[in-house]
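Keep the viewer open as you read.

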Amino acid sequence: MSGINDFAFKSATVNGTGSASANTLLMQAIFRMGIPVTGKNIFPSNIQGLPTWYEIRVSHEGFTARPPVIDLIVALNPSTYPQDIASLRPGGYLMYDSSWPLDPKLVRDDVTILGVPLGQMCREAFTRDRDRTLLRNIAYAGALAALLQIDMAVIEQMLTENYGRKKSLLEANHRAVRMGYDYARRHFDCPLPFRCEPMNETAGAVLMDGNTACALGALYAGATVGAWYPITPSTSLMDAFKEFCQEFRVDPDTKLNRYCIIQAEDELAAAGMVIGAGWMGARSFTCTSGPGISLMQEFLGYAYYAEIPGVFINVQRAGPATGLPTRTQQADLLTMAYASHGDTKHIILFPADPRECFTLTVAAFDAAERFQTPVFVASDLDIGMNDWMMPRLTWDDGYRPDRGKVLDAAALEQVKNFSRYLDADGDGVAARTLPGVSGKGAYFTRGSGHDKHGAYTEDSAAYAEVLDRIRRKLETAAHTLPKPVISRQDGADVGIVFLGSSEAPVREAVVRLREHGVRADAMRICAFPFAPEVREFLDRYKTLFVVEQNRDAQLRALLTIETGFPRDQMIPVLDFAGQPMTADELVTAMSTHLAGASA
């Protein structure tokens with residue numbers, strides 16, 4: 001760690017002071033130099049005033065998990081100086097605003113301190129208080145460009161792209177970034193030992209967050225209805241979908257919208273709107289987070305039993321209750337799997353990054369209609385709101401949505417009698433009709449007891465027949481959903497199971513473990529109900545770790561419930577502190593267990 005194109009730095013600022021623009025500028029500039037880079041925004045739920053951090057990891061190996069150490073910190077929030085300085089690795093660098101003195105008690109002998117009078121420079125260069133505050137961030141971006149050898153031509157080009165239409169703003173940003181750059185060049189040995197050098201590892205890639213990718217996936221899949229109630233960290237998803245619809249779903253001749261986006265009065269109402277639109281034949285979805293899923297339970301059960309498609313994108317955050325709205329977790333697994341009362345089970349797809357947010361959102365719409373049921377896309381805050389490097393998305397004009405077994409008027413004419421819940425094909429999936437197509441296909445959609453013809457009943461056998469068929473339908477789904485992704489090494493006797501955003505730290509941990517003589521196979525679960533390959537993987541290993549980001553080992557519980565694999569034969573590796581995991585944390589946990597087992 002800590003060398004050419006292999007280091008991490010972090011800014012520590014006060015929320016609401018405009019540092020996001022500077023951090024994004026730096027990360028995108030490094031990306032444009034062809035260097036793999038990723039960023040993690042660690043911010044409070046309060047709008048303004050509390051500490052916020054932004055970590056940028058530069059990795060020529062392409063690792064995207066949180067960095068194991070921080071090499072340089074830009075400390076601009078005096079209230080967090082102690083913890084920021086303490087988090088630096090020995091030999092690291094501290095850059096702070098020397099317009100004000102640094103408490104001598106905070107000085108570390110093993111850290112190089114770089115004072116840059118950012119506030120003073122901005123007070124002298126700019127007259128408006130707002131400019132002095134916001135442009136201080138651009139000034140530190142300039143200083144970092146000099147220290148880390150980030151291409152200033154790239155940075156200045158990006159400023160022109162961002163502010164080219166506002167001459168005064170463009171000039172102010174150029175001036176600020178140059179102030180920081182020139183000051184660092186005059187006063188410090190630039191560049192530092194760890195720094196950037198151009199590569200060619202980002203060709204064909206883009207930086208994108210998962211919420212934007214999900215919105216694109218919904219657009220690509222043909223969604224025309226979105227209903228939601230705003231909640232962090234999912235709100236930007238519907239905002240992005242709205243922008244895409246305004247560009248691509250407006251009739252060019254009539255200028256009329258070909259979409260409907262509704263902000264409901266609450267999450268339960270939003271779920272009802274999604275189900276109503278799905279019942280009518282529209283591809284519809286909502287985006288929410290854990291508290292929203294809690295409120296949607298009633299309608300989720302109704303859609304499961306009445307067999308109505310709908311997509312529910314859950315950008316998970318830390319609970320329970322309001323919890324930590326701007327922290328990440330994977331703690332809604334059991335809630336999604338068995339949402340609502342009675343015997344229910346729901347399809348869940350688990351994207352590991354923004355690229356899969358796109359592809360699995362498309363898959364979710366197809367699965368929802370094919371199996372006529374609610375389908376969850378289980379993202380989380382880390383994927384949804386942070387920028388990740390990913391391959392460019394491709395748009396296949398040949399893609400056609402899988403509408404499943406929908407009988408139109410012509411098809412209805414070919415059947416003697418239509419029975420809404422009749423399993424004619426033996427796969428558990430009954431044919432459906434859309435309202436208004438033909439009187440022959442009419443039926444009563446009910447959440448109360450019904451038989452295979454859709455008629456009301458309290459007859460035990462008829463009720464059980466329908467419930468049992470829905471169970472078979474989900475078993476069919478398990479064979480068609482995305483398979484688990486399995487990576488193997490010769491001679492591996494350790495297995496690691498995980499899902500979602502845990503992929504980045506697990507992928508890196510597997511490499512680190514091998515450096516320590518431990519060979520591990522890894523299986524990333526992509527869908528629930530589980531494919532047969534999941535149980536096959538569990539049976540292969542004497543030592544089996546299950547990595548997940550919640551307190552109660554929900555994935556391990558789900559594996560036991562659904563596969564029957566003994567719970568005590570799976571070693572939980574848990575992190576529920578709300579921050580994305582690091583590979584080092586996983587390596588330490590697994591190595592400690594393995595050492596204890598062999599002692």
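## Helices, cysteines and rings

In helix H8, the buried residues are Leu237, Met238, Ala240, Phe241, Phe244 and Cys245. They take up an arc of only 155° around the axis, which means that they sit on the same side of H8. Glu243 and Glu247, on the other side of H8, are exposed. Please keep in mind that this is a predicted model.

H8 covers residues 235-248, and its 14 residues reach 20 Å from the first C-alpha to the last, close to the 20 Å expected at 1.5 Å a residue. Its buried residues pack against helix H7 (210-221), strand S9 (260-263), and strands S8, S10 and S11.

Next comes helix H9, residues 267-280. With 14 residues at 1.5 Å each it should span 20 Å, and because its end C-alpha atoms are 20 Å apart, the model agrees. Buried here are Glu267, Ala269, Ala270, Ala271, Gly272, Val274, Ile275, Ala277 and Gly278. Their cover includes strand S8 (225-228), strand S10 (284-288), helix H10 (290-295), helix H11 (297-306) and strand S11 (310-316).

Both ends of H9 are worth a look. Asp266 caps the N-terminal end, with a side-chain oxygen 3.2 Å from the backbone nitrogen of Leu268. Just after H9, Gly281 adopts a positive phi of about 110°.

For Cys214, the nearest cysteine sulfur belongs to Cys357 at 3.9 Å; since a disulfide needs sulfur atoms within 2.5 Å, Cys214 is in no disulfide. Cys214 is also buried, with a relative accessible area of 1%.

Now for the rings, where the count comes to 15 aromatic pairs.

The tyrosine pair links distant parts of the chain: Tyr220 is in helix H7, and Tyr399, 179 residues apart from it, is in the loop between strand S14 (387-391) and helix H15 (409-413). Both Tyr220 and Tyr399 are buried.

The phenylalanine pair also links distant parts of the chain, with Phe312 in strand S11 and Phe376 in strand S13 (residues 374-380), 64 residues apart. Phe312 is buried at a relative accessible area of 0%, and Phe376 is buried at 0%.

Finally, Phe7, Phe9, Tyr93 and Phe194 form one aromatic cluster.

Note on methods: Residues numbered from 1 in each chain as written. Predicted model: local features only at pLDDT ≥ 70, side-chain atom pairs only at ≥ 80, totals over all residues. Heavy atoms only, no water. Helix = DSSP H or I, 4+ residues; strand = E, 2+ residues; numbered from the N terminus. Expected span 1.5 Å × (residues − 1). Buried < 20%, exposed > 50% of the residue type's maximum accessible area, 1.4 Å probe, protein only. Contact = heavy atoms within 4.5 Å. Polar contact = N/O pair within 3.5 Å; in protein donor to acceptor, adjacent residues only side chain to side chain. Arc of directions from axis to C-beta. Phe/Tyr/Trp six-rings, centres within 6.5 Å; stacked < 30°, edge-to-face > 60°.
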